[in-house]
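Dear colleague,

Please find the sequence and structure below. My notes on what turned up follow after them.

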Amino acid sequence: MKELQAAEGSTDEKMLKLSVETGGCFWFQYVLWRPRSMAKTQLQNENRIHMVETDTNLYVPHRCLRVGDDGCLIGLDKTWPNFVFKLIRCSPTNLLSRIWIALILSGLATIHNHIRTTVADFDALGVCLGTSGTDIPDPKTTVQLLHKYGFKKVRLLSSNNWMMEALINQNIVVSIGIANEELPMVADNLQDNAGSWYNANVRPYISKMPIEYIVIGDDAILSPYSEFVIPAMRNIMQVLRRFDQGSIKVTTAVSTSVLGKTFPPSQGIFKARTRNIMVDVLKAIAGYKFSPVLMVNVYPYRYHAAGLILQDFATFSAHKPVIHDGNNDYWNMLDALLDAFVTALTRENLGSIRLVVGASGWPSAGNGRFTTPALAATYNQNFMRRIVRRQGTPAQPTIPIDGFVYALFNENKKPGGPADQHFGLLKTDKTPAYSFVVPHYWR
C-alpha cells in the first residue's frame, strides 16, 4: 500500500497527487472519484501524468473500474476476479488527508512485480512476427506499423532483443518464443541455461512491457527437437518461480499434425506416436500456476489447398453448417479443428486446458488459385473478426478463443514453398498485401 497525500493548493482547487508503485508498467491508468467541489485530480505513475476533469461522469479505462454507492472507487478486473482495490474518499478541505489503497487478495498467493497493481484486460487478437526474411523492416519501424494498424498484442516466434527494446513502453502485450534450435540449450540441466535465457530475454523487460506467454518451441513435437520440449518447459517454469513471475504463462505451440483423427471433431484423438509426449507436456502445463493454455497452429488453407474442404468452409463464408456432429453444427473449418483438439484433451482428462490459436493465416501468393490476395483478405479478415468477438466453439461455446494471425510481414526465406513466404498482411516495403482492417470489439 502507498500513502497518498493532498498537495498544497488553493481553497477552490485542491490537487491530489497519486503516487502508486507500478513497477514501471506504463500502461496503467488510474482514475479517482472525488467530490464535485474538487476541480481536478492529478494522477501520476512512474511513466506519465494523466489529468481528469471533475464531473459526475467517470471515464474508466480497461473496463476494470466502477464507482461504488458510497462514492469510493472500486477496482474490479474480470481477468483476476479475486483482485480488488479500493480508494477511500478524502475531504477536499483537509490539506493533509490520507488516502490508502487497500489490496484485498482472495485466493491469490502473490501479485508479482510484473503487474504489481492490476492486470490489463488484454486484447484477444494478436499478430505473429516471423523473422525468416532478409528485408523485414527494422524493429522501430515494425512497432510503428503495429500501432498504425492497431495491433495490441504480438507473438515473437523467437527471442529478439532488438525487437524487445523497441517494444518498451509501447502498450503492446508480448509473447516470446524459444526457437526450436534453442531448446537443447534451455533443456540442459548441467548449467543454468534456462536462467541465462531468462536473464537475457525476459528479465530486462519485466515491468517495461506486459509479457503474456513464453512459448517453448513452435511445432517442435514430431521434429528432431521433440525430446527437448518437456525439460525446457520445466526449466523455464522453475526459473519463473524463482523470480516470482508466475503470471507469465508457459506453453508450447503444436499443429494439427499431432492429432490422429480430426473428423468428426468429436472423434479427435492424439496420434499414437505423439500421445505420450503430448500428455506429458499438457500435464506440465496444467500443473503450472493458473490458466493453463495450449497454443495450436491451425491453417484451414492447407486443407483447402489439398482438396479436402470447400473454399467457403475454409474461409468462414459458408451459408449453412457443413459438418453435423451430434448436437454441434460447424460452419467453418477452424472451429472443427479446434474442437478436435478439445476432444483429444478431454480424452486425456485434461479438458481444463484452454486453447489459443498460436498462428493462423492465408497466403496471398505462391500457390495459384488457392492463394490470391482476395482469398487471403477474406480468410484473415474473417479470422480476426471471429477472434475479437470472443466466441467459443460449438463444443465449448462459453470459453472464448484468443488467437494470433500469421503474420505481419512476408518472409522471403521461410522454409516450405513459395506460398509459405507470402503469409504477410504486409509486404516488406510496408505496404499492405491486400486491404484489411484490424477489428476491435468493446464488451
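The strands β10-β11-β12-β13-β14-β17-β20-β21 form a closed barrel of eight, with parallel pairing. From one strand to the next the twist averages 25 degrees. Strands are DSSP runs of E with at least two residues, helices runs of H or I with at least four, both numbered from the N terminus; two strands pair if DSSP finds at least two bridges between them.

This is a predicted model, in which local features need pLDDT of at least 70 and side-chain atom pairs pLDDT 80 or more, while totals for chains, interfaces and linings use all residues. Residues are numbered from 1 along each chain as its sequence is written, and side-chain values use heavy atoms, without hydrogens and water.

Strand β20 (residues 354-360) runs parallel to β21 (residues 402-405), and three bridges join them. Val356 has Asp402 in β21 as its bridge partner. Helix α9 packs on the sheet and touches β14, β17 and β20, its direction making about 140 degrees with that of β20. Here axes are lines fitted to C-alpha atoms, for helices over the stretch in contact (heavy atoms within 4.5 Å), and angles run from 0 to 180 degrees between N-to-C directions.

Asn193 is found in helix α4 (residues 193-201) and counts as buried because its relative accessibility is 13%. Beyond its neighbours within four places in sequence, Asn193 contacts Met185, Val186 and Asp188.

Regards

Technical notes:
Buried means under 20% relative accessible area, exposed over 50%, partly exposed in between (1.4 Å probe, protein chains only).
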